[in-house]
Amino acid sequence: MAASRGLPVPLAIVCLVLISGYSFLPAMGVAAMDPTRSPGPQGFTTDDSLPSAEDYDPDREATDAPILANTLPPLWGTLCNYDPCLESQVSCGVLKAKTGCSCPGFTTQREPPEIPNLKSVSWNGSEVVVHWCEPYSYVTGYIVRVAGKERQRFGKDRRAGGVGDIEEVSNVCVVAVNDVAESEESCMMYRPRDHSLPLKAGLIGGALGLLLLILLAVLLWRRKRQRKQQASISMRETAGTQ
């Protein structure tokens, strides 16, 4: 104690701190060591949080994490079985909601519709029929124009419709409409046929039939007249011989 009193105060404090630090090291080492754990390489102990061989057991059922693939629709990521050119079928949006399939390029109701595909403009015997395919867009109806003028309107589920007679060469167009705007026009040139040809053929056939009836009547009349002449001649010959 006499020697320590002679030391400077800072040096005495440093010595006390060093002595107290060495005295706590064995206790900390014993507390940190767990006798139940197996020592690892170079004095490190094995951590229970690390995966063991039991975690990789192939026969063990994996019940912790759900299998997300079973919760997906059966057609997730595939195109919907939908023909935009046919009428009276389930819409592509309904198929997508039910099966999880995809509708390619489908625009929303806040955007103008895409251009419909005009397939044909033809005469069916009584009127001109226009056939088109639906665009992959939100559509509320269709408009058919002939020579730039509106001819007919159709509902959103229609893919074809009659527009009456078109007597001259005209440009026939169809547009898709919704609450926002109209689409661009899909057009095709229509060249009408000569609709008077069947009428002409009927008139010609009727005239020929009438002519045949007249000829037949003339032949019958002439034959009847010849018989009368022959009968009168025979009667005269008979009277002369008497």
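Arginine 158 counts as partly exposed, at 35% relative accessibility, where partly exposed denotes the range between buried (under 20% relative accessible area) and exposed (over 50%), computed with a 1.4 Å probe on protein chains only. The structure is a predicted model, in which local features need pLDDT of at least 70 and side-chain atom pairs count only at pLDDT 80 or more, whereas totals for chains, interfaces and linings use all residues. Residues are numbered from 1 along each chain as its sequence is written, and side-chain values use heavy atoms, with hydrogens and water left out.

The protein contains 4 helices and 7 strands, taken as DSSP runs numbered from the N terminus (helices: H or I, at least four residues; strands: E, at least two). Their order from the N terminus is α-α-α-β-β-β-β-β-β-β-α. Of the 242 residues, 19% are buried.

The search for salt bridges (a side-chain nitrogen of Lys or Arg within 4 Å of a carboxyl oxygen of Asp or Glu) returned 5 across the whole structure. In one of them, arginine 158 pairs with glutamate 87 at 3.7 Å, N to O. Glutamate 87 lies in the loop between α2 (9-32) and α3 (92-99) and arginine 158 in the loop between β4 (149-155) and β5 (160-162), so the bridge ties together parts 71 residues apart in sequence. Glutamate 87 is likewise partly exposed, at 34%.

A salt bridge also joins arginine 159 to glutamate 134 (2.9 Å, N to O). This pair connects the loop between β4 and β5 with the loop between β2 and β3, 25 residues apart. Arginine 159 is buried, with a relative accessible area of 4%, as is glutamate 134, at 15%.

Arginine 145 and glutamate 185 form a further salt bridge, with their closest N and O atoms 3.2 Å apart. Strand β3 holds arginine 145, while glutamate 185 lies in the loop between β6 and β7 (186-190), 40 residues away. Shared partners join Arg145, Glu182 and Glu185 into one network.

The largest nonpolar core has 16 residues, and Val121, Val130, Trp132, Val144, Ile166 and Val172 have the most contacts inside it; such a core is a set of buried Ala, Val, Leu, Ile, Met, Phe, Trp, Tyr and Cys residues joined through side-chain atoms within 4.5 Å. Strands β1 (117-123), β2 (128-133), β3 (141-146) and β6 (170-177) each supply at least two of its residues. A second, separate core of 5 residues includes Cys80, Tyr82, Cys101 and Cys103.
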